[in-house]
Amino acid sequence: MVVSDVMMPRLNGLDLVRTLRVDPRTASVPVLLLSARAGQEASIEGLRAGADDYLVKPFAAAELLARVEANVKLARLRNHHARWRTALIDSLQEAFFVCDEEGAVVEINASFTTILGYGPEDLPYRPVHPWWPDAAVHPRPTARSPRPSPR
């Protein structure tokens, strides 16, 4: 866990959090920001920067310890869930992918790479996806097939 003050020379706490969140090696490390800046706006700014918690000075040592303990427990649960989810998805023999709300492919499994030849290093794959047939060249695979009528 990282416990940092917001006001620091050279690299302030908000920029530190942003830097940690961009790096995949540190993106999931819980961060608690400390600040003398009270108020809802300061707290929201810290949380929007990516901090897991924000504590206003002065604070009691017991409160700091309780927040550290809670954030470490939550991070362990998130990491456990992420490892379980990854193992489950990679165990699928079918090509599997997850899209975000814009339709970009943001997660794939090993079978996806094996079958289609597109790996995780180039994620996200934005629409139109490179493996999708060109409608002008191959109109049939991209056309929607009519639904059979119920009888």
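Biologist: What covers the buried residues of helix 1?

Modeller: The cover includes strand 1 (2-5), strand 2 (31-35) and helix 2 (40-48). The model is predicted, so local features need pLDDT of at least 70 and side-chain atom pairs count only at pLDDT 80 or more, while totals for chains, interfaces and linings use all residues. Residues are numbered from 1 along each chain as its sequence is written, and side-chain values use heavy atoms, with hydrogens and water left out.

Biologist: What makes a stretch of chain a helix or a strand here?

Modeller: Both are DSSP runs, numbered from the N terminus: a helix is H or I over at least four residues, a strand is E over at least two. On that basis the protein has 5 helices and 5 strands. Their order from the N terminus is β-α-β-α-β-α-β-β-α-α.

Biologist: Why is the protein called more spread out than a compact globule?

Modeller: Its radius of gyration is 22 Å, well over the 15 Å that the globule rule gives for 151 residues, so the protein is more spread out than a compact globule. The radius is taken over C-alpha atoms, and the rule is 2.2 Å times the number of residues to the power 0.38. The C-alpha trace spans about 70 × 35 × 30 Å along the principal axes.

Biologist: What share of the residues counts as buried?

Modeller: The share is 23% of the 151 residues. Buried means under 20% relative accessible area, exposed means over 50%, and partly exposed is in between (1.4 Å probe, protein chains only).

Biologist: Which residues of helix 1 are buried?

Modeller: In helix 1 (residues 13-22) they are Gly13, Leu14, Leu16, Val17 and Leu20. They cover an arc of only 160° around the axis, which puts them on the same side of helix 1. The arc is that of the directions from the helix axis to the C-beta atoms. An α-helix has 3.6 residues a turn, so residues three or four places apart point the same way.

Biologist: How do you know what helix 2 buries and what it exposes?

Modeller: Ala42, Ser43 and Gly46 are the buried residues of helix 2. Seen down the axis, they fall within an arc of 100°, so they line one face of helix 2. Gln40, Glu41 and Arg48 are exposed on the other side. The cover over the buried residues of helix 2 includes helix 1, strand 2 and strand 3 (53-56).

Biologist: Why is Pro30 called buried?

Modeller: Its relative accessibility is 8%, under the cut-off, so Pro30 counts as buried. Pro30 sits in the loop between helix 1 and strand 2. Apart from neighbours within four places in sequence, Pro30 is in contact (heavy atoms within 4.5 Å) with Met1, Val2, Arg21, Asp52, Asn71 and Ala75.

Biologist: What is the phi of Gly50?

Modeller: Gly50 follows helix 2 and has a positive phi, near 120°. Arg10 also has a positive phi, of about 65°, although it is not a glycine. Most residues other than glycine have a negative phi, and most peptide bonds are trans.

Biologist: Why is Arg10 called exposed?

Modeller: Arg10 has a relative accessible area of 88%, over the cut-off, so it is exposed. Arg10 is in the loop between strand 1 and helix 1.

Biologist: Which peptide bond to Pro58 is cis, and what is its omega?

Modeller: The bond is the one from Lys57, with omega near -10°. Pro58 is in the loop between strand 3 and helix 3. Leu123 and Pro124 are also joined by a cis bond, with omega about 0°. Pro124 is in the loop between helix 4 (110-116) and helix 5 (139-142).
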